[in-house]
Amino acid sequence: MSSPTYTVHPTPVGSALIVMTDAGLASLQLLDGPDDDALVEIGLALRAVPVPDDGPAAGVAAQLDEYFAGDRRDFDVAIDWWFAEGFTKRALQAVQEIPYGETASYGEIAVHAGSPGAHRAVGSACARTAISLVLPAHRVVRSDGSIGEYGGHPETKRFLLDLEDRVAASGR
């Protein structure tokens with residue numbers, strides 16, 4: 001296996017660290033601080049140091065640009081599922097099925113993932129996913145309809161939900 005590669009790509013909600021492996025997208029994180037910290041963390045998790053290379057991530061970066069421009073509703077990206085197995089993986093795969101511009105509750109995702117009582121585990125899966133945006137955890141809300149924290153950044157979640165609402169309402 002070759003070394004994982006990474007690039008940092010600007011988005012309207014901050015810089016996105018995109019890490020690719022031979023299997024696909026391994027991490028897409030919105031950075032809170034220097035990318036060095038996130039790179040160390042992902043490198044330890046993957047047991048390989050990501051090296052800078054825009055090439056493998058170019059397709060993901062282009063799709064992010066299209067998403068934020070309102071021209072893309074679904075991502076067409078191979079995912080390296082190194083970070084999830086069992087129920088966590090099933091929950092995140094169920095999250096991928098939430099249609100653009102719509103939301104589902106943690107409880108609804110738990111049902112779709114085959115464990116109706118596991119709404120808290122769905123919350124943990126969403127909070128700890130290595131891949132944001134492409135795995136649209138921002139579309140998962142509390143049962144009372146409130147949006148929740150989104151990794152301590154509810155303003156980012158609100159921005160993403162509002163973007164999708166505007167685009168969906170415009171008929172694009």
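Analyst: We start with the ground rules, then turn to the rings and one glutamine. This is a predicted model: local features need pLDDT of at least 70, side-chain atom pairs count only at pLDDT 80 or more, and totals for chains, interfaces and linings use all residues. Residues are numbered from 1 along each chain as its sequence is written, and side-chain values use heavy atoms, with hydrogens and water left out.

User: How is a pair of aromatic rings described?

Analyst: By the distance of the centres and the angle of the planes. Rings of Phe, Tyr and Trp (its six-membered ring) pair if their centres lie within 6.5 Å; planes under 30 degrees apart count as stacked, over 60 as edge-to-face and the rest as tilted. This structure holds six such pairs. Y67 and F68 are edge-to-face, because their centres are 5.1 Å apart and their planes lie at 80 degrees.

User: Which kind of pair do F68 and F159 form?

Analyst: A tilted one, because the planes are at 40 degrees, with centres 6.5 Å apart. The pair links distant parts of the chain: F68 is in helix α2 and F159 in helix α6 (residues 154-170), 91 residues apart. Helices here are DSSP runs of H or I, at least four residues, numbered from the N terminus. Y67, F68, F75, Y100 and F159 form one aromatic cluster.

User: Is F159 buried, partly exposed or exposed?

Analyst: Buried means under 20% relative accessible area, exposed over 50%, partly exposed in between (1.4 Å probe, protein chains only). F159 has 31% relative accessibility, so F159 counts as partly exposed. F68, at 13%, counts as buried.

User: Where is Q63, and what does Q63 contact?

Analyst: Q63 sits in helix α2 (residues 54-69). Leaving aside neighbours within four places in sequence, Q63 is in contact (heavy atoms within 4.5 Å) with R72, D74, F75, D76 and V77. Q63 has 10% relative accessibility, so Q63 counts as buried.

Technical notes: Helices (H or I, at least four residues) and strands (E, at least two) are DSSP runs, numbered from the N terminus.
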